[in-house]
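Subject: Structure handover and notes

Hello,

Here is the structure we talked about, followed by my notes on it. Please read the notes with the structure open.

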Amino acid sequence: MANEQDRMERIVALAKRRGFIFPGSEIYGGLNGFWDYGPLGVELKRNIKDAWWHDVVTTRDDVVGVDAAIIMNPKVWEASGHVGGFTDPRVDCKKCKSRFRQDEQRGMAERVTTVISFFQADEQRELEFALHKAVDAVWAAGMTAKEAAAKNGIEGTFFLQVLKAAEKGNWQQSGMLSLLNVCRNCGGELTEPRQFNLMFKTFVGAMEDSTSQAYLRPETAQGIFVNYKNVLDTSRMKLPFGIAQIGKAFRNEINPRNYTFRSREFEQMEIEFFCRPEEADKWYATWRQARFDWYVGLGLKSDRLRLRDHEKDELAHYAKACADIEYAFPFGTSELEGVANRTDFDLKQHQQFSGRDMTYFDDETKERFLPYVIEPSGGVDRALLAFLCEAYDEDEAPDENGKAQKRTVLRFHPRLAPIKVAVFPLVKKDGMPEKARVIYEACRKNLSAFYDEKGAVGRRYRRQDEAGTPFCVTVDGQTMEDGTVTIRDRDSMKQERIPADGVLAYVRERLHL
Ligand code: GAP
């Protein structure tokens with residue numbers, strides 16, 4: 001397969017072509033950072049959420065769920081620190097008004113700064129000026145890196161590499177233009193870095209002033225913390241126990257990018273697991289591993305996944321430990337989920353800001369204290385993107401004439417596959433459609449099934465391979481004689497004959513449903 005960028009482009013094209021993911025409000029030109037899920041995408045997303053809920057709530061007796069409102073009392077966000085601290089430094093272009101995160105301007109720019117700092121002060125200014133002109137020459141006048149370097153008296157392999165990055169148009173990657181204080185879109189001058197709050201603001205009620213201002217939640221976690229006492233009082237949970245929630249979160253990301261990876265509207269799956277402070281290290285280790293294993297169990301190969309423990313200087317001020325579960329996407333290795341020991345920070349903050357007692361009373365030891373919290377916090381959209389990237393494969397399959405043809409296949413884990421079984425009549429006559437429909441009806445009452453009678457059967461197989469359907473059932477001439485059908489396995493492409501009335505049991509057994 002071609003390089004990773006090419007692979008990503010194919011995945012994006014397939015996701016659009018087959019109705020997994022569409023750009024949000026596409027007919028109006030879309031809206032940066034917003035995505036819509038189509039018929040197959042929504043099934044895949046539901047399967048991910050169902051698998052998560054099943055594995056961390058339904059099958060555990062120490063975790064219960066909540067579904068809190070998206071818009072909460074604005075004091076919540078003061079207590080959580082989001083009003084004061086949920087900011088990213090950003091720079092704006094004075095000319096075209098583009099906005100960039102300052103941290104994305106680092107990288108090559110830092111290296112350039114370091115190299116330049118070895119020069120004498122007057123040479124530094126000259127060099128920066130020469131680089132600036134050389135970049136302009138490459139960019140505006142279309143010179144090669146070598147020509148621009150020669151014209152502006154720039155020497156040395158390092159600076160030539162910088163200009164080559166400019167030549168290839170790798171502006172984002174090089175981050176070089178921030179050094180030159182130049183916008184990577186239009187070459188305009190950039191402002192000084194400014195803090196930018198990532199929360200979307202809205203107004204509650206008729207008045208649009210500061211007294212009615214509220215926020216779309218930037219994380220689901222706070223909806224759990226504010227309900228911790230309600231759950232404790234109503235569900236008879238005892239420490240250690242967790243509260244789980246799946247729901248939408250909104251962040252006005254400065255630079256949405258990498259397809260759905262960094263969006264402005266996304267879904268989170270979060271657990272806040274409350275425990276005694278002295279048991280927090282143990283529960284942190286347990287959840288850190290359990291969450292990693294969950295992704296592996298659903299098909300992410302462990303060599304593309306890694307657990308990266310945060311360095312001490314990376315930790316949020318309230319966190320005692322944090323690990324990111326990262327996946328090697330075609331565009332780079334990035335975070336899928338974070339597992340953190342948040343100590344008693346959040347409950348303490350809400351106790352202080354709300355004036356409500358957030359302590360836990362232990363009936364047995366007669367102690368009263370604030371529990372510690374372990375938080376596994378994952379993104380549904382990022383998980384979906386990782387499962388999609390992992391599942392994408394290209395191989396060859398014989399066509400109707402036995403000739404090998406390229407095939408695109410999504411090798412989803414059966415629990416995640418949007419459609420579990422497709423049923424086809426070989427031809428649209430001789431009673432085959434009627435028989436196929438009976439099988440389809442029996443299947444779809446129990447699992448997600450699809451019926452298709454259009455086009456050559458080989459093409460129908462291919463369409464299901466692209467959708468990631470694990471099994472295809474075909475009713476043919478022999479079915480009408482002996483009541484058997486063929487069932488084809490998506491991955492091996494092997495077919496076997498089984499009784500038509502045994503299809504549902506066969507699929508269920510193999511999918512462990
Ligand atoms: N309560 C902790 C919290 O929200 P986070 O690391 O900011 O922590 C948790 O977010 C998860 O939410 C991330 O690991 C990621 O999967 C998902 N997420 C965060 N920002 C996102 C974005 N802009 N687009 C898509 N998913 C995002």
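Is Arg-18 buried or exposed? Arg-18 is buried, with a relative accessible area of 13%. Here buried means under 20% relative accessible area, exposed over 50%, and partly exposed in between, with a 1.4 Å probe and protein chains only.

Some conventions before the rest. This is a predicted model, in which local features need pLDDT of at least 70 and side-chain atom pairs count only at pLDDT 80 or more, while totals for chains, interfaces and linings use all residues. Residues are numbered from 1 along each chain as its sequence is written, and side-chain values use heavy atoms, with hydrogens and water left out.

Overall

The protein chain has 19 helices and 23 strands; these are DSSP runs numbered from the N terminus, with helices being H or I of at least four residues and strands E of at least two. Buried residues make up 51% of the 513 residues in the chain. The C-alpha trace spans about 90 × 75 × 50 Å along its principal axes.

Salt bridges

The whole structure holds 39 salt bridges, a salt bridge being a side-chain nitrogen of Lys or Arg within 4 Å of a carboxyl oxygen of Asp or Glu. Arg-18 forms one with Glu-466, with 3.3 Å between the closest N and O atoms. Arg-18 is in the loop between helix 1 (4-17) and strand 1 (21-23) and Glu-466 is in helix 17, so the pair ties together parts that are 448 residues apart in sequence. Glu-466 is also buried, at 15% relative accessibility.

Helix 17 (residues 457-467) has 8 of its 11 residues buried, so it is largely enclosed by the rest of the structure. Among the buried ones are Arg-460, Tyr-461 and Asp-465. Gly-468, just after the helix, takes a positive phi of about 85°.

Asp-491 and Arg-411 form another salt bridge, their closest N and O atoms being 3.2 Å apart. Asp-491 lies in the loop between strand 22 (484-489) and strand 23 (495-499), and Arg-411 in the loop between strand 18 (404-410) and strand 19 (421-425), so the pair ties together parts that are 80 residues apart in sequence. Asp-491 is partly exposed at 36%, and Arg-411 is partly exposed at 28%.

Ligand

There are 19 residues around the ligand, of which Glu-219, Arg-251, Glu-270, Glu-335 and Leu-336 come nearest; near means that a heavy atom of the residue lies within 4 Å. By type, the shell divides into 4 nonpolar, 6 polar and 9 charged residues. Nonpolar covers Ala, Val, Leu, Ile, Met, Phe, Trp, Tyr, Cys and Pro, charged covers Asp, Glu, Lys and Arg, and the others, Gly among them, are polar. Strand 10 (265-275), strand 13 (332-343) and strand 16 (372-379) each supply at least two residues of the shell.

An oxygen atom of the ligand lies 2.8 Å from a backbone N or O atom of Leu-336. Taken alone the ligand exposes 550 Å², and the protein buries 88% of that; accessible areas come from the Shrake-Rupley method with a 1.4 Å probe, and for residues only the protein chains shown count as cover.

Regards

Notes
A polar contact is a pair of N or O atoms within 3.5 Å; within protein, one must be able to donate a hydrogen and the other to accept it, and residues adjacent in sequence count only if both atoms are side-chain atoms.
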